[in-house]
Amino acid sequence: LAELLPEAFEGIDDPDKLRVTLHDLLSMTTGLEGTSFGNYGAWVASDDWIEFALERPVVCERGGGCMTYSTGNSHLASAILTRATGMSTRVYFREVLFGPLGITARAWDRGPDGIYLGGNNMSLTPRELRRFGQLYLDGGVWEGRQIVPTPWVGQSWGQYTTSPWNGHEYGYFWWTREFGGETVRFAWGYGGQFIFVVPRMELVVVVTSRLWNRPSGIDHNDRIYDFLSDVVIPEMRTWAPPSPARAR
């Protein structure tokens, strides 16, 4: 990261931080204390989101054995993309990713330095989320056009670490878990927004959730998982048998 964002690392001499790689960032294995959960409010209230993320203390050894989930990591990825492409993350998505998929680039939060928030607060409709999931199901191809390199889909769906708080495997911003006897890759947004991709069944399932008025003491995520495992996947098996050729 020090090579990708040299100005952000000025004054940082901690050898552990200087060794953090892009792989560590994307797989949430930097070893740095996260900016999510209890630290999120202080992070978004800070004057410099990048500096705040990099100033977090090293809490464990970087690498697959230690996962520290952090929205700050996602934001650093947005800053890297901005620097590498010479355009904002929003413009890049609109021209390279969203445009070909027919997705509208709506309002999107930015940090104090103008970098678009890499971790959350990007508005997409369920049908647009489904298109993104279908893109990955089809190996990065949309309507015959290669939008995302196929090897990148495989790398994103890698299993580089395991979350200490939910037990799910984690790749590059994608989670992996077994539901209903199937290996499922899924993107998980705050508050219960999901894109589930079941490659062997050639299936994409999108779920959105309200962020307020939830019943006390009920884990709505578990209810979503149960619905996928106990209803959707078994029902789909009655419509079409799984395709071993699509399993990955």
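Predicted model: local features only at pLDDT ≥ 70, side-chain atom pairs only at ≥ 80, totals over all residues.
Residues are numbered from 1 along each chain as its sequence is written, and side-chain values use heavy atoms, with hydrogens and water left out. Local features need pLDDT of at least 70, side-chain atom pairs count only at pLDDT 80 or more, and totals for chains, interfaces and linings use all residues.

Q: How far apart are the sulfur atoms of the disulfide formed by Cys60 and Cys66?
A: A disulfide is a pair of cysteine sulfur atoms within 2.5 Å. A search of the whole structure finds one disulfide. Cys60 and Cys66 form a disulfide, and the distance between their sulfur atoms is 1.6 Å.

Q: Is Cys66 buried or exposed?
A: Buried means under 20% relative accessible area, exposed over 50%, and partly exposed in between (1.4 Å probe, protein chains only). Cys60, at 22%, is partly exposed. Cys66 has a relative accessibility of 11% and therefore counts as buried.

Q: Where does Met28 lie?
A: Met28 is not a glycine, yet its phi is positive, near 60°. With 0% relative accessibility, Met28 counts as buried. Helices (H or I, at least four residues) and strands (E, at least two) are DSSP runs, numbered from the N terminus. Met28 lies in the loop between α2 (22-26) and α3 (40-45).

Q: What is the relative accessible area of Glu202?
A: Glu202 is found in the loop between β7 (193-198) and β8 (203-207). Its phi is positive, about 50°, although Glu202 is not a glycine. Glu202 is partly exposed, and its relative accessible area is 44%.
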